[in-house]
Amino acid sequence: MTVGNIESAALFDTGKKGRGLRAIRELSAGEIVFAEPSFSAVVFDSLASQVCHSCFRHQAKLHRCAQCKFAHYCDRTCQTACWDEHKQECGAIKKIGKAPNEHVRLAARVLWRIQKKTGIVSDSQLIPVDQLEDHISDLLEEDFKKLQTNVHNFQEYWSHGRKQHSIKCNGFTLSDQRGLQAVGVGLFPNLCLVNHDCWPNCTVILNHGNQSALCSALHSQRRIELRALEKIPEGEELTVSYVDFLNLSADRQKKLKEDFHFECICAHCSQHIKDDLMTAAAESGGSKPSAEDVDEVTAFSKACLVEIEKFRLQGNFHELMKLCHECMGKQDNILADTNLYRLRVLSVASEVLSYLQSFSEAAECSHKMADGYMKLYHPNNPQLGMAIMRAGVTHWHAGQIEVGHSMICKAYSILLVTHGPNHAITRDLESMRSQTEIELKMYQYRTMEDAALKKQPVTSSSL
């Protein structure tokens, strides 16, 4: 797949949703529909000194730009690769004495690039940046005031007069190399044309590129990859999800309206598909708890999750786990294993217990969580793959090698589709899969050996 090649998709008018992209040939699960380098991208303010501003990898030791003292890089190679993008930003930061927020920095990078190359940077870019859709008229008063503040700060930062520009886009959140943390935001013009669906047929991942080769000709760009989650027939619209599916349809619709300014009318929202599972009560012996008990435990769970988040931010893991245990105890036999509030508590508990190295209990929580996720998520959802990977690793650390290996293999099969074989996450998982396979064979051999020794008859020579 050549970066920027978009031969598998075409722009079309969807009707109610406006412009969109559709497949112009049949696509297979895991296939890259297109790969696109960022038009511009920036690291979040809060992580400016922890994440490389070129490849967006989270690193322990980074080298700071000697000029602006704001941008950080893995090494000289990453800094050189990013200089064309950082050069004017560097001078602007030195001029005003500090770096503005990520929204202003991204807007400036976009406009500097427009000024240099207009709004189209390659033949495969389907539409100029300034023709992307805006939602300024849809902003709430509070959001509009924030925009005005950003515009004021931008005017101090921008060093090219008062010429009017308009930036109209949905930014794409960029994750670190392990896919565990959002570290920045970028503009990808072709990706902006892919519409939302709560049950999409594609997913987007960030490929951080490779700057480590000795020959610069072998370096690869930071880019997003749009990957097919399933077989997509020719002519079908390509979609991604802008929000996590693990929310009730009404809550997803509310978030999409607030953040992206449209009413979601996808099948899963219109028909409230899987809402019943996400709010389900437990069944035991064919009977269910009363509606009053379910409402009471649900309300308690909501309140607990607020307090749990406070304890998590404080690093008070003792009180956090105390509250998790109390909440999970109340949820037993009341909330089903697919209930959102049960899954959210299990997710926090498994993560914290792993951090505290209580692996046996963490494995139990993560297994319940993964079982619930598999009943709710698309079978090739990347978040499902990551959750099963986490559960598999936890079982491995708990000494439950058979279950751990099985879950790691399951996660690997999902992430091969969502991330591809060359992504850092998939490569790590392949190493874990190989290691657990070796350990499992050794365990099975020892088990067979022990069983054989127990069957040996006692002889006089052995007495």
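**Salt bridges and a helix pair**

I first looked up Lys231, which forms a salt bridge with Glu26, the closest N and O atoms being 3.8 Å apart; the model I am reading is a predicted one. The two partners are 205 residues apart, with Lys231 in the loop between strands S11 and S12 and Glu26 in the loop between strands S2 and S3. I noted that Lys231 is exposed at 59% relative accessible area, whereas Glu26 is partly exposed at 47%.

A search of the whole structure gave me 17 salt bridges. One of them joins the side chains of Asp259 and Lys255 at 2.9 Å, N to O, and both residues sit in helix H4, four residues apart, which is about one turn of the helix. Asp259 is partly exposed at 39%, and Lys255 is partly exposed at 43%.

I then turned to Arg342 and Asp332, whose closest N and O atoms are 3.2 Å apart in a salt bridge. Arg342 lies in helix H9 and Asp332 in the loop between helices H8 and H9, so the pair ties together parts 10 residues apart in sequence. Arg342 counts as buried, because its relative accessibility of 10% falls under 20%, while Asp332 is partly exposed at 36%. I also recorded one network, in which salt bridges with shared partners join Glu85, Glu89 and Arg109.

Last, I checked helices H11 and H13, which pack at about 35 degrees with their axes 12 Å apart, in a left-handed crossing. The contact includes Met386 and Trp396 of H11 and Leu429 and Glu439 of H13, and by class it has seven nonpolar, two polar and one charged residues.

Note on methods:
Residues numbered from 1 in each chain as written. Predicted model: local features only at pLDDT ≥ 70, side-chain atom pairs only at ≥ 80, totals over all residues. Heavy atoms only, no water. Axes fitted to C-alpha atoms, helices over the stretch in contact; angles between N-to-C directions. Helix = DSSP H or I, 4+ residues; strand = E, 2+ residues; numbered from the N terminus. Left-handed = near helix turned anticlockwise from the far one by under 90°. Contact = heavy atoms within 4.5 Å. Nonpolar A, V, L, I, M, F, W, Y, C, P; charged D, E, K, R; others polar. Salt bridge = Lys/Arg side-chain N within 4 Å of Asp/Glu carboxyl O. Buried < 20%, exposed > 50% of the residue type's maximum accessible area, 1.4 Å probe, protein only.
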